[in-house]
Amino acid sequence: MNSFPVDTQMASSINKTPITINKDSEAGEITFTAVHPEFESTVYEDKSSSSKFGNFDGRKGSEFDIRVACQDLFDGLVKKVGLGQRPDLGGVERITRVYQVWPGKNVFFFRGRLIYGPDPRGLLLTTVSIIISGWIFCVYVGDDLLKHSSLVITFAVILTVLVLVNLVLVGSIDPGIIPRGNHLSLEADTLQSEKVRKTKVVVNGVEVKLKFCRICKIFRPPRSSHCAICDNCVEKFDHHCPWIGQCIGLRNYRFYLTFVSSAMVFFVYIFIFCCHRIKHRISESSIGLFGTIRNCPETIALATFSFVAIWFLGGLASFHTYLIALNQTAYENFRQYYIDSPNPYDKGIVSNIKEVWFAKLPPSRVDFRAEVTVQR
C-alpha cells in the first residue's frame, strides 16, 4: 500500500485539510482519507469502477467539502497514483438549505424550524429537574393531602406544563442571530488591514460605538455582541444561559422572563405544600424532624431543592426587573456601558416595561429554511 501525502499548496484550496491518498496496486484500489478540522474522517473508495462515499460523521454539508477535496487531489496526484480516469464524485454545486451549511455551532431540528445551542446538557438537566419535581409532588405530596388533593395535583400539573412550554420557547427559537457578511467590501478590507475595529453612530443624541466582528464579517448593530459559545452575533444580546443552553437576545428575552417567572411560581407552590406536609407529619406522629426525614425523605429533598430554586430564580427575577426598568441588557450592565454616558435607550420605566412585554417581536433576520446554492 503506497501513501502520498498532500502538499500545503494544493491543500490550501480546502483550508489545508490534511488528506492522504493510498493505492493498492495489486487489488486496484484507491482510497482517499480526509480529516477535516470540523468533522471526523471521511473515506472515499473506488474498487473496480465502483464508487461510493463512506459514512460522514459531523454536521451536514461535509460531503460537499470532501467531494471537492477528492477531485482536487485526484487532478493533482493522478500521475503519481497511476490511474488513468478521474472518479465520478458528482458535481461541486448543489442546492441545500441555510441551516445545513450555517457556520455557527447551533443544532437544528425539524429541518431548521427549531434552533438550539451547541450544548444540550443544561437544557436536559433543567427539563428533567422540572419533570421530576412535578412528579414527586403529585405522587408523594399532593396525593397525601386530606382535602382538595385532586385540585392541588391538577394545578401542579398545569404549572409544570406551563414551565416546560416556556422552556421550549426560549430554548428553541432564534434569539436574534444576525446574518453574516458574505463578502467584505473594500472599506472593510482596509479597516481590517489597518486593525481599525470600530465606527460610531448617533442613537437618540448619544454617540454609540459599533465594533467590527472578524468572524461574522460585519459591523455589529448597537446592543449586539458575538456569543463565543454559539459562534453567532446576536441582536440585543443579553447573555448565554447555561441552564437553557441558548443565547438570550432580542427575540427570546420575553420568553426567558416568562420562564423564570413561571418556574419561580412553580417552586413556591411546591415548597408551600411540602412544608405543610412536613408540619402535618411532625404534629401528627410526634416523631420530630429527624423521624420525618426517615419517613418521607422525598418530601424533605423536594422542599430543599425548591427552596434553593426559589432563591436562585428570585435573584434572577429581581435582577432582570431592575434591568427592564433601566432598559439595559445583562451584558451592558456587566460591561458598565453607561457609567460615563447616558443610556440612549432609556425611555422611562413605563415605556421600558412596555417595550419588553408588549412590543411586537421582529421576524428572524436569517431564514434558516431558505434554499441556497453551494458552490466550490
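Asn 327 is placed in the loop between α9 (297-326) and α10, where helices (H or I, at least four residues) and strands (E, at least two) are DSSP runs numbered from the N terminus. The model is a predicted one, in which local features need pLDDT of at least 70 and side-chain atom pairs count only at pLDDT 80 or more, while totals for chains, interfaces and linings use all residues. Residues are numbered from 1 along each chain as its sequence is written, and side-chain values use heavy atoms, with hydrogens and water left out.

Lys 217, in turn, lies in the loop between β10 and β11 (218-219). The table sets out both residues, neither of which is a glycine; buried means under 20% relative accessible area, exposed over 50%, and partly exposed in between (1.4 Å probe, protein chains only).

| Residue | Phi | Relative accessible area |
|---|---|---|
| Lys 217 | about 60 degrees | 31%, partly exposed |
| Asn 327 | about 55 degrees | 3%, buried |

The second largest pocket holds about 550 Å³ of space. Val 208, Lys 209, Leu 210, Lys 211 and Tyr 337 are the closest to its centre among the 23 residues that line this pocket. Two or more lining residues come from each of β9 (198-203), β10 (206-213) and α10 (330-335), and β10 gives the most, with six. A pocket is here an open set of points on a 1 Å grid over the protein atoms alone, where a 1.4 Å probe fits, with protein on both sides within 12 Å along at least five of seven lines, and lining residues have an atom within 4 Å of a point. Grid points are joined across faces, edges and corners, and the volume is the space filled by probe spheres set on the points.
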